[in-house]
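Dear colleague,

I am handing over the structure we spoke about, and below it you will find what came out of going through it. Please keep it open beside this message as you read.

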Amino acid sequence: MFPNSSNLGRPPFPPKYQQQNTFFTKLPLNIPPTLLSHQQIIVPPLNFRGAVLSRAVLSGNIEAPPAVTPVVTLQPVAYGSVSPGSRSDATTSFQGRKRQSQQGVPNDAKRQRIHSHDSDTAVVNPAVPLPEERRCSFPASISVQSPVLRAPGSPALVGCVPPLQDTLFPDPTDTRLPVANDKLSQQILELFQACRQQASDLDRKELCRTELQREIQLIFPQSRLFLVGSSLNGFGTRTSDGDLCLVVKEEPVNQKTEARRILSLVQKLFSTKLSSYIERPQLIRAKVPIVKFRDKVSNVDFDLNVNNVIGIRNTFLLRTYAFIENRVRPLVLVVKKWARFHEINDASRGTLSSYSLALMVLHYLQTLPEPILPSLQKNYPECFDPTMQLHLVHQAPRTIPPYISKNGSSLGDLLIGFFKYYATEFDWSRQIISVREAKAIARPDGVEWRNKFICVEEPFDGTNTARAVHEKQKFDMIRGEFTQAWRLLQDKKDLNCILPLKVAKHKR
């Protein structure tokens, strides 16, 4: 079901659409789109109605190839709580690529069956009703009925994963935080409370996402822009970058050709029409190409990819792990801070990504003699089905109950054990870190794993999230930092010996 399926990460769209290969195709307006975003907050394109926001006018042009649709005249757009650019009353013209209308598509709404434990009835998949004066990461209610997901043999349960609303993260006084009785545990908890992402931080990212989705939909009308990664998975800090996934069509996108072509148009949009509040847009031609840019209004750096829907799925898998046990989030945050301080948390420089570090912490907590975490994909396969439609992905984990572990280890003991596990116990040359299996598994003889220094399995598509570590020198440095951290913490039981708290809190 998991690593070797060619359909992983692909939303289950109707076969007739999968056979089409033109990513500029536009569905007839009277057919509700099959792909519904869990962040589908679409304000009218020419009127941004945040009453508390001051207005600033953004203007500019985008050049287009000769074969174009008629020019669409746009009214000035407002964005942000400060004026990012000079005011102008001039209208903006935009020329987009010609879109072909589909032929032979029936006019009645498409129906898709959503099966649950309680019912086998078909549910219509209509468009999400759009609130007029509301902005939040996810709609408070969705017109599509999600399945009733319950633990095997259990009655209806109250889930541990908080719903995604205007306030995403719990209050700093949240009683779900673990008790810290020893010095090291108290230091970990204090660092977590000082540095974790706040609701206001998320609001700034969400405001940018909302505005960018509206602008991008002028080029790709059926597209949806998703906020993913640490901003939503529970492991974000106050300075975390924003990760965005632009889903432009229903079938997969060729990352080497189509994705780069789409991103080049997005980059041009950012550098011309949106240049008043988007700065330094840069197209990075990686395995999964991205546009990097900075939003002047929120002062947040963003990475935007195209149709990398695995990132949407794993965001909510990690979010469930983050809230299923109250020791998880503080541990992941302090490990990320430690790795950044020791310069081993940058995939672009051949070290570990924050995503790989989070998976390493989860794997360690799964492999303890008395586990603190289970394999969610094994225990709740219906909640993390890799073919689940994207607009349901955020709802599925909400009924998963907290995981009750008999392991009462403190945050401090767990942090020391984490470093010890990777310094002395894990076999880097023969094993793969697998959160999906909740154990270390033997390396298969495949190109994804052969001659790799660190192997961390992506839980949905089975790729190696640590493939950026391709130099032995960097691997030796990473392993050396784990060993040194274990020895120092074991001896001193003071977080300052591996991560100066004043520096870590200052950088947030």
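In what order do the strands of the open sheet of 5 strands lie? The order is 5-6-9-8-7, and the pairing within this open sheet is mixed. Please bear in mind throughout that this is a predicted model.

The sheet. Strand 5 (224-228) and strand 7 (278-284) stand at the edges with a single partner strand each, and therefore one side of each has no neighbour in the sheet. From one strand to the next, the twist averages 25°. Strand 7 is paired with strand 8 (residues 290-295) in the antiparallel sense, over 5 bridges, and within this pairing Glu279 is found opposite Arg294 of strand 8. Helix 5 (residues 258-271) packs on the sheet, where it touches strand 6 (242-247), strand 7, strand 8 and strand 9 (300-306), and its direction makes about 165° with that of strand 7. Helix 6 (residues 310-324), for its part, lies across strand 5 and strand 6 and runs at about 40° to strand 5.

Arg280, which lies in strand 7, has a phi near 55°, a positive value in a residue other than glycine, and Arg280 counts as exposed, with a relative accessibility of 56%. Asn307, in the loop between strand 9 and helix 6, also has a positive phi, near 55°. Is Asn307 buried or exposed? With a relative accessible area of 11%, Asn307 is buried.

Helix 8. The 13 residues of helix 8 (residues 354-366) should span 18 Å at 1.5 Å a residue, and the end C-alpha atoms are 19 Å apart, which agrees. Because 11 of these 13 residues are buried, helix 8 is largely enclosed by the rest of the structure. The buried residues include Leu357, Met360, His363 and Tyr364, and what covers the buried residues of helix 8 includes helix 6, helix 7 (328-341), helix 11 (411-425), strand 10 (431-434), strand 11 (439-442) and helix 12 (472-492).

Aromatic rings. The structure holds 19 aromatic pairs. In one of them, the rings of Tyr422 and Trp428 have their centres 5.6 Å apart and their planes at 40°, so this pair is tilted, and both Tyr422 and Trp428 are buried. Phe426 and Trp428 form an edge-to-face pair, with 5.1 Å from centre to centre and 80° between the planes. Phe426 counts as buried at 4% relative accessibility, while the relative accessible area of Trp428 is 3%. Ring pairs link these residues into a cluster whose members include Tyr422, Phe426 and Trp428, together with Trp338, Phe418, Phe453 and Tyr364, and Tyr364 is also among the buried residues of helix 8.

Gln186. This residue lies in helix 2 (residues 183-195) and, at 35% relative accessibility, counts as partly exposed. Leaving aside residues up to four places away in sequence, Gln186 touches Ala180 and Asn181. The C-alpha atoms of Gln186 and Gly412 are separated by 8.2 Å, although the two residues are 226 residues apart along the chain.

With kind regards

Conventions
Residues are numbered from 1 along each chain as its sequence is written. This is a predicted model: local features need pLDDT of at least 70, side-chain atom pairs count only at pLDDT 80 or more; totals for chains, interfaces and linings use all residues. Side-chain values use heavy atoms; hydrogens and water are left out. Two strands pair if DSSP finds at least two bridges between them. Helices (H or I, at least four residues) and strands (E, at least two) are DSSP runs, numbered from the N terminus. Axes are lines fitted to C-alpha atoms, for helices over the stretch in contact, and angles run from 0 to 180 degrees between N-to-C directions. Contact means heavy atoms within 4.5 Å. Buried means under 20% relative accessible area, exposed over 50%, partly exposed in between (1.4 Å probe, protein chains only). Rings of Phe, Tyr and Trp (its six-membered ring) pair if their centres lie within 6.5 Å; planes under 30 degrees apart count as stacked, over 60 as edge-to-face and the rest as tilted. The expected span of a helix is 1.5 Å times one less than its number of residues.
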